[in-house]
Amino acid sequence: MRQVSLPIYPVTYPTGYRLNQNESQFPIPERIKRELNTLSFQDLHEYPVRPIAELLENYATYAGVGVEQILAGCGSDEMIHVVTQALLTPEDIVLSPAPDFSMYPIFTTIAHGHHIQTDDLSYDGLQSSILKVKPKLVLLSNPNNPTGRRWTVEELTQLAALVPYLIVDEAYIDFSLENSIVSELNRFPNLIVLRTLSKAFGLANIRIGFLIASVEMAQYFKQFVPPFNISGTSAKIANLFLKDQTYLKEAIDWHSSMRIQWEELFSTIGTVHPSETNFIFVTLQNAEDVWNTLSSIGIHTALHQNAIRITLGNEEALAKAQSALLAYATR
Ligand SMILES: Cc1ncc(COP(=O)(O)O)c(C=O)c1O
């Protein structure tokens with residue numbers, strides 16, 4: 001066995017409102033539920049081919065790239081796994097800002113690499129760390145999970161010029177697609193973009209993510225993907241959502257309106273960071289107390305150092321959080 005001690009992802013399913021994993025809370029529209037009921041599953045005995053080909057076509061159209069530039073995986077988690085396996089040789093350094101997505105150090109270690117984080121989310125911090133530690137790749141989320149901080153395309157292209165590979169994890173970019181770096185793929189062959197259907201598309205359960213790169217890089221990464229890594233059943237569901245003309249806009253509009261309300265509530269007790277995602281990040285002096293108060297009434301959020309991250313919940317969750325925070329403030 002290898003000498004590793006990695007945290008095993010804690011799969012929990014607490015009762016109440018699970019606003020701790022950035023799962024979409026947008027209710028699936030009735031018309032889509034009806035369409036889902038028309039899907040046929042007569043091909044369950046087959047390894048999936050056609051639904052996947054259709055998925056890649058649909059997503060390429062959505063992302064504005066060629067189909068040969070895309071790989072699909074079991075969530076973007078699998079794509080992080082593939083990219084680290086494919087690019088790292090033992091002891092190569094992967095650099096991320098801090099805080100950032102918790103799986104980056106884990107996948108780096110699995111790929112025999114060494115993960116380093118800067119002290120903060122500043123561009124300058126990242127730039128000076130690059131010069132100091134000379135990473136093989138920089139891996140960051142944009143917008144940042146957990147804070148919502150957005151890296152500009154200019155900052156990212158400057159970083160791409162400084163490192164062998166830059167991986168931009170755009171898990172939450174669908175909420176503000178105009179900020180995507182995908183259009184820079186032509187100029188930066190060392191740029192790799194990761195996407196997912198788990199967030200704005202609200203499909204965490206079907207486990208579909210994507211890697212987008214130059215045609216050459218995509219072809220290279222395909223060598224590291226297991227055969228038939230995506231379920232055809234998941235792909236059929238994804239295709240239905242991707243082909244719907246208005247679903248994504250409805251989901252984004254719902255999140256915009258819920259975000260305003262959640263921001264208003266939490267600005268009474270802390271500093272709400274700007275967000276164009278399905279979560280808000282609030283810095284608080286007494287973060288643990290607030291987190292406990294919310295957990296005790298079944299509102300589960302993610303606790304960070306002096307902060308909590310709250311996935312945007314529905315009206316019912318919001319009303320519950322409102323009364324709990326009122327009671328907390330006047331206790
Ligand atoms: C920044 C970021 N990247 C990747 C993922 C993984 O998403 P999935 O594997 O569901 O596509 C998440 C999930 O929370 C995330 O926040």
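Trainee: How far apart do the C-alpha centres of domain 1 and domain 2 lie?
Mentor: This is a predicted model, in which local features need pLDDT of at least 70 and side-chain atom pairs count only at pLDDT 80 or more, while totals for chains, interfaces and linings use all residues. Residues are numbered from 1 along each chain as its sequence is written. Domain 1 covers 17-27 + 247-329 and domain 2 covers 47-243, with bounds that come from an automatic or database domain assignment. The separation of their C-alpha centres is 26 Å.

Trainee: Which element gives the most to the side of domain 1 that touches domain 2?
Mentor: In this contact (C-beta atoms, placed from the backbone, within 7 Å), 20 residues of domain 1 meet 16 residues of domain 2. Helix H9 (247-266), strand E10 (279-283) and strand E12 (302-304) each supply at least two residues of that side of domain 1; helices (H or I, at least four residues) and strands (E, at least two) are DSSP runs, numbered from the N terminus. With five residues, the element that gives the most is H9.

Trainee: How many residues on the side of domain 1 that touches domain 2 are charged?
Mentor: Ala, Val, Leu, Ile, Met, Phe, Trp, Tyr, Cys and Pro count as nonpolar, Asp, Glu, Lys and Arg as charged, and the others, Gly among them, as polar. By these classes, that side of domain 1 has nine nonpolar and eight polar residues, and the number of charged ones is three.

Trainee: Which strands stand at the edges of the open sheet, each with a single partner strand?
Mentor: The open sheet has seven strands in the order E2-E8-E7-E6-E5-E3-E4, and its pairing is mixed; two strands pair if DSSP finds at least two bridges between them. Each edge strand has one side left without a neighbour in the sheet, because it has a single partner strand, and these strands are E2 (70-74) and E4.

Trainee: Which residue of E4 stands opposite isoleucine 93?
Mentor: Strand E3 (residues 93-96) runs parallel to strand E4 (residues 114-117), and four bridges join them. Further along, leucine 95 has isoleucine 116 as its bridge partner. Opposite isoleucine 93 stands histidine 114.

Trainee: At what angle does helix H3 run to E8?
Mentor: Axes are lines fitted to C-alpha atoms, for helices over the stretch in contact, and angles run from 0 to 180 degrees between N-to-C directions. Helix H3 (residues 75-87) lies across E2, E3, strand E5 (137-141), strand E6 (165-169), E7 and E8. Its angle to E8 is about 40 degrees.

Trainee: How far apart are the axes of H2 and helix H8?
Mentor: The contact includes Pro51, Ile52 and Leu55 of H2, as well as Ala235, Ala238 and Leu242 of H8. Its residues divide into eight nonpolar, three polar and three charged. H2 and H8 (residues 232-243) pack at about 35 degrees, and their axes are separated by 9 Å.

Note on methods: Two residues are in contact if their C-beta atoms, placed from the backbone, lie within 7 Å.
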